[in-house]
Amino acid sequence: MEILSPDELLEWYRHINTDHKRLLADFVESNMKLHKVDLSKYTHKAIGKLVFQYPDKHGKDIPIHNMHVEFYDHETWSSDDFLGTTLTDETGYFEIKYDPSEFQNTGGLDSNKLDPELRILETCHLYDKDGNMRTTKRVIDTIRQDKVEVLEEIYDFGTLRIPFWEYEQ
């Protein structure tokens, strides 16, 4: 049996029914020494919607579905703090729950503020000469917003027009 990559595992999991998800959760819990994630600490969330840069011929926004979105606290002088990731749904909507204590401030005037940054990633499939597929992600857009107070429980990026092209089938 081939080991699935995290992306392949996520895609597989998204397509199994609820009964199978329960069976899988029971199996993992009883057979593996995994720590349960304390979801109660994820009190904040970043939300928004991705649409193609240009609307359709009728002027209606075209949602970008199944796109990877990563949420960071942008840092100027050090590495960015990763806060969470998700995939957009069929309407282009995303919601990333995060723990506000996971980002580290360097102190100073803005120590209680978050520098929201979204990275929009495209999944790419590369094949070697033997036909084996390798899945990678490529950043197609980065959206940075002004500093916001950490106390805001919901940060709404709004509708974001992404320079990404829809291909005809």
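**Exercise 1. Work out the order of strands in the open sheet of three strands, and how they pair.**

Solution. Step one: the open sheet of three strands runs β4-β1-β9, and its pairing is mixed; strands here are DSSP runs of E with at least two residues, numbered from the N terminus, while helices are runs of H or I with at least four residues. Two strands pair if DSSP finds at least two bridges between them.

Step two: β4 (93–98) and β9 (154–162) are the edge strands, each pairing on one side only. From one strand to the next, the twist averages 20 degrees; axes are lines fitted to C-alpha atoms, for helices over the stretch in contact, and angles run from 0 to 180 degrees between N-to-C directions.

Before going on, a word on the model: it is predicted, with local features needing pLDDT of at least 70 and side-chain atom pairs counting only at pLDDT 80 or more, while totals for chains, interfaces and linings use all residues. Residues are numbered from 1 along each chain as its sequence is written, and side-chain values use heavy atoms, leaving out hydrogens and water.

**Exercise 2. Follow strand β1 (residues 44–52) to its partners, and decide whether each pairing is parallel or antiparallel.**

Solution. Start with β9: seven bridges link β1 to β9 in the parallel sense. Within this pairing, lysine 45 has isoleucine 154 as its bridge partner, and lysine 49 stands opposite threonine 159.

Now turn to β4, which runs antiparallel to β1 and is joined to it by six bridges. Here alanine 46 stands opposite isoleucine 96.

Finally, look at burial: seven of the nine residues of β1 are buried, so this strand is largely enclosed by the rest of the structure. Buried means under 20% relative accessible area, exposed over 50%, and partly exposed in between (1.4 Å probe, protein chains only).

**Exercise 3. Find what glycine 158 touches beyond four places in sequence.**

Solution. First place glycine 158 in strand β9. Its relative accessible area is 24%, which makes glycine 158 partly exposed.

Next list the contacts (heavy atoms within 4.5 Å): not counting residues up to four places away in sequence, glycine 158 touches Ile47, Gly48 and Lys49. Glycine 48 and glycine 158 are 110 residues apart in sequence, yet their C-alpha atoms lie 4.8 Å apart in space.

**Exercise 4. Describe the open sheet of four strands and the helix lying across some of its strands.**

Solution. The order is β3-β2-β6-β7, with antiparallel pairing. At the edges are β3 (81–87) and β7 (133–144), each pairing on one side only, and the twist averages 25 degrees from one strand to the next. Between β6 and β7 there are 11 bridges.

**Exercise 5. Is glutamate 117 buried or exposed, and which side chain does its own side chain meet in a polar contact?**

Solution. With a relative accessible area of 1%, glutamate 117 is buried.

Its side chain makes a polar contact with that of arginine 119 (2.7 Å). Such a contact is a pair of N or O atoms within 3.5 Å; within protein, one must be able to donate a hydrogen and the other to accept it, and residues adjacent in sequence count only if both atoms are side-chain atoms.
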